[in-house]
Amino acid sequence: MSTVTDPIADLLARIRNAARAQKIDMFVPYSRIKAEVARILKEEGYIADYSVDTSAAHPRIKITNKLVDRTCAITGLRRVSRPGLRRYVGAGEIPRVLGGMGTVILSTPRGVLSGREAKKQKVGGELLAYVW
């Protein structure tokens, strides 16, 4: 079994692949940060639902993609901060994705937040991903 050096990038790649293949349900290995990213995606309306499945030997997250006109609601995902080059922003430097049509996911001292929520709470942190 191989180890994944960047679990967030692995999660985003799995979501991207499932979206392009028009898969409704997908499973990813569980971690708290992956569950928080899935929560943000659900709150922002990019996925229909997610749930943590602990019945298997290893816990996993079941993500249900949201289909709009037989296409996935997620058209693009991009990992920003990576293990080789971390990217941090202050509260006033949080970028906008596609002129506000997309979402930024940040890891802050107050937990994993969307860019909109981080601006509201006036807190910065590590830029995890862009979603549009």
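Predicted model: local features only at pLDDT ≥ 70, side-chain atom pairs only at ≥ 80, totals over all residues.
## Helix 2

Helix 2 covers residues 32–43, twelve residues in total. From its first C-alpha to its last it reaches 16 Å, close to the 16 Å expected at 1.5 Å a residue.

The buried residues in helix 2 are Lys-34, Ala-35, Val-37, Ala-38, Ile-40 and Leu-41. An α-helix has 3.6 residues a turn, so residues three or four places apart point the same way. Just after helix 2 comes Gly-45, with a positive phi of about 90°.

## Positive phi in two loops

Most residues other than glycine have a negative phi. Arg-70 is not a glycine, yet its phi is positive, at about 60°. Arg-70 sits in the loop that joins strand 4 (67–68) to strand 5 (71–72). Is Arg-70 buried or exposed? Arg-70 counts as exposed because its relative accessibility is 72%, and the cut-off for exposed is over 50%.

Lys-122, also not a glycine, has a positive phi of about 55°. Lys-122 belongs to the loop between helix 3 (115–121) and strand 10 (125–131). With a relative accessible area of 70%, Lys-122 is exposed.

## Thr-108 in strand 8

Thr-108 is part of strand 8, which spans residues 103–108. Thr-108 counts as buried because its relative accessibility is 10%, and buried means under 20%.

Definitions and conventions. Residues numbered from 1 in each chain as written. Heavy atoms only, no water. Helix = DSSP H or I, 4+ residues; strand = E, 2+ residues; numbered from the N terminus. Expected span 1.5 Å × (residues − 1). Buried < 20%, exposed > 50% of the residue type's maximum accessible area, 1.4 Å probe, protein only.
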